[in-house]
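Thanks for coming. I will go through one model today, starting from the aromatic rings and ending at a pocket. Please have the coordinates open.

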Amino acid sequence: KSISASKSEVLNVRNLYTRRTELSNRGTIRVKDSSGRLIYLLVGKWGLSPGVLSVYDVTGKRLAEIKQRTLGFFPKFDLYDKRHHVGSLRRYYGISHEMLFVKGLNWFIIGNLMTFNYKVYHGRQCIMTISEVQTATGTALEFHIAEQADEPLCFCIAAILDHWARLDLKAKNKAYYGKLAW
């Protein structure tokens with residue numbers, strides 16, 4: 001369900017791209033369309049409360065943001081669409097890391113943290129898919145988002161999924177290399 005678009009709006013679905021390495025950077029993340037035109041800038045950082053990541057259009061207007069509300073193993077994040085709280089996201093103990101729920105929006109996320117292939121649903125309707133693709137400039141993340149009005153919130157969610165994937169990868173590497181120590 002698009003939270004921003006009225007039923008009378010006609011929206012164009014487009015493919016959007018970013019480098020996965022950029023999602024984990026602290027600073028500015030660029031999101032481009034298939035012709036290489038800059039569409040969004042994501043600005044912010046994670047790890048310290050209150051971590052915040054904001055999505056801006058090319059004119060500098062803030063469209064959405066995700067704010068880290070709590071720290072710890074299972075931090076909670078709040079989603080804002082045009083400065084209005086619309087939902088929250090957190091990982092839960094005992095539930096697969098590949099299944100998450102966005103409370104408030106009623107979006108269900110399923111995917112793989114390591115390969116970064118995801119689908120986001122509202123009921124049976126697919127809101128977004130994320131997959132790694134090869135482009136002329138290397139490996140990129142390709143986003144298919146059903147409603148253009150949902151794109152900023154979807155990029156907030158993608159950024160936190162990448163954050164969690166990197167934390168899991170660090171933990172697995174530490175466990176593996178720790179076993180190799182003398």
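Is F155 buried or exposed? F155 is buried, with a relative accessible area of 0%; buried means under 20%, exposed over 50% and partly exposed in between, using a 1.4 Å probe and protein chains only.

Before going on, the ground rules. This is a predicted model, where local features need pLDDT of at least 70 and side-chain atom pairs count only at pLDDT 80 or more, while totals for chains, interfaces and linings use all residues. Residues are numbered from 1 along each chain as its sequence is written, and side-chain values use heavy atoms, with hydrogens and water left out.

Now the rings. Rings of Phe, Tyr and Trp (its six-membered ring) pair if their centres lie within 6.5 Å; planes under 30 degrees apart are stacked, over 60 edge-to-face, and the rest tilted. That rule gives three aromatic pairs. In one of them, the centres of Y40 and F155 are 5.8 Å apart and the planes are at 50 degrees, so the pair is tilted. Y40 belongs to strand β3 (residues 38-45) and F155 to helix α2 (residues 151-180), so the pair ties together parts that are 115 residues apart in sequence. Helices (H or I, at least four residues) and strands (E, at least two) are DSSP runs, numbered from the N terminus. Y40 is also buried, at a relative accessible area of 5%. The rings of F116 and Y118 have centres 5.3 Å apart and planes at 80 degrees, so this pair is edge-to-face. Both F116 and Y118 are buried. Ring pairs also link Y40, F143 and F155 into a cluster.

Next, the strands, which pair if DSSP finds at least two bridges between them. Strand β12 (residues 138-145) runs antiparallel to β1, with four bridges; N15 has H144 of β12 as its bridge partner. Strand β11 (residues 125-135) is also antiparallel to β12, over eight bridges, and S131 stands opposite E142 in β12. The hairpin from β11 to β12 passes through two residues.

Last, the pocket. On a 1 Å grid over the protein atoms alone, a pocket is an open set of points where a 1.4 Å probe fits, with protein on both sides within 12 Å along at least five of seven lines; lining residues have an atom within 4 Å of a point. The largest pocket holds about 290 Å³. Its lining has 13 residues, and Y17, R19, K32, T137 and A140 are the closest to the centre. Elements giving two or more residues are β1 (15-18) and β2 (27-33), and β2 has the largest share, three residues.

Conventions. Grid points are joined across faces, edges and corners, and a volume is the space filled by probe spheres set on the points.
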